[in-house]
Amino acid sequence: MNIDGVFSGGGIKGFALIGALEEIEKRGFQFVRLAGTSAGSIIAALIVAGYTSKEIYQMMDEVDLKDLLDSRKTFIPFKFAKWLLLYWRLGLYKGNELEKWLRGKLADKGLRNFSDLPANTLRVIGSDLSNGQMMVFPDDLVKYGITPGTFSIAKAIRISCSIPYFFEPVKMRSQDGTNILVDGGVLSNFPMWLFDQENVKKLRPILGIKLSSSEYEHEKHKIDNAIELFGALFETMKDAHDSRYISKKHAQNIIFIPAEGIMPIEFNLTEEKKKALLELGRNQAKKFLDRWGY
């Protein structure tokens, strides 16, 4: 059965999305259109490229995640250099290795630019901090004087994954100057609104996979210090837009995966935790799909 799918962001917790995908495949569902933010954009793009859940898990398991953390070379000791990098480069890691890895995996399936895909097959969310607005790739590229089909899919995903202060933002030149682009999760971590809109007839069932508890079971933030304050601030900010959109009506089409206890930037994830996330996603999807009425 053909469906449209939306995958949320969640950093390294994205391993749970692979487990959910495995169960979705077992039920015979096939995606026609896909959208995603951050980790969700990676999974969405790999599905569009033709990779199965087993292949995606294998390639994610084989790569040393720490190799994707490409810090800039400096003669200054890292504990001092990291603050300079944050100040001057706006991020601890370049993000080039992540983009390179993605480019290679997509190229293996014949995908480089958005023109290599059927129209509207894949949409990726980014955040333009210079203009203070959300970006939907490839749709919004025309506003920047860029022909959408010529833009790199891997570049769009790299932008969507640029967690503020962790990865350096992407600087994109346009007819109005240089724009600073970061993680799409800053403005929409779960872009189900792209496909599921009020008073618009659906082309096919829409399935969302969200790395969080249900909107009605949200765990209260614990805030006792400045670090916890920043974490709660960022979580609130990235979920605010989508929380207003997700009603009980929409929630009936969303697989919620409460991947608690793991940080989105935990790139030293153990094999045990990877498998636990995979199993969590698989189990949550199974429970949901057993009762999903489309």
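Here is a short exchange about a helix crossing and some aromatic pairs in this predicted model.

User: Which residues in H1 and H9 meet?

Analyst: With contact meaning heavy atoms within 4.5 Å, Phe-15, Ile-18 and Glu-22 are among those in H1, and Leu-277, Gly-281 and Arg-282 are among those in H9. The residues of this contact divide into 9 nonpolar, 2 polar (Gly counts here) and 5 charged (Asp, Glu, Lys and Arg).

User: Why is the pair of Phe-7 and Phe-31 called edge-to-face?

Analyst: Rings pair if their centres lie within 6.5 Å; planes under 30 degrees apart count as stacked, over 60 as edge-to-face and the rest as tilted. Here the centres are 5.9 Å apart and the planes at 65°, so the pair is edge-to-face. Phe-7 lies in strand S1 and Phe-31 in strand S2, 24 residues apart.

User: How do you know whether Phe-31 is buried or exposed?

Analyst: Buried means under 20% relative accessible area, exposed over 50%, partly exposed in between (1.4 Å probe, protein chains only). Phe-31 has 18% relative accessibility, so Phe-31 counts as buried. Phe-7, at 0%, counts as buried too.

User: What should I keep in mind about the values?

Analyst: Local features need pLDDT of at least 70, and side-chain atom pairs count only at pLDDT 80 or more, while totals for chains, interfaces and linings use all residues. Residues are numbered from 1 along each chain as its sequence is written, and side-chain values use heavy atoms, leaving out hydrogens and water.

Technical notes: Helix = DSSP H or I, 4+ residues; strand = E, 2+ residues; numbered from the N terminus. Phe/Tyr/Trp six-rings, centres within 6.5 Å; stacked < 30°, edge-to-face > 60°.
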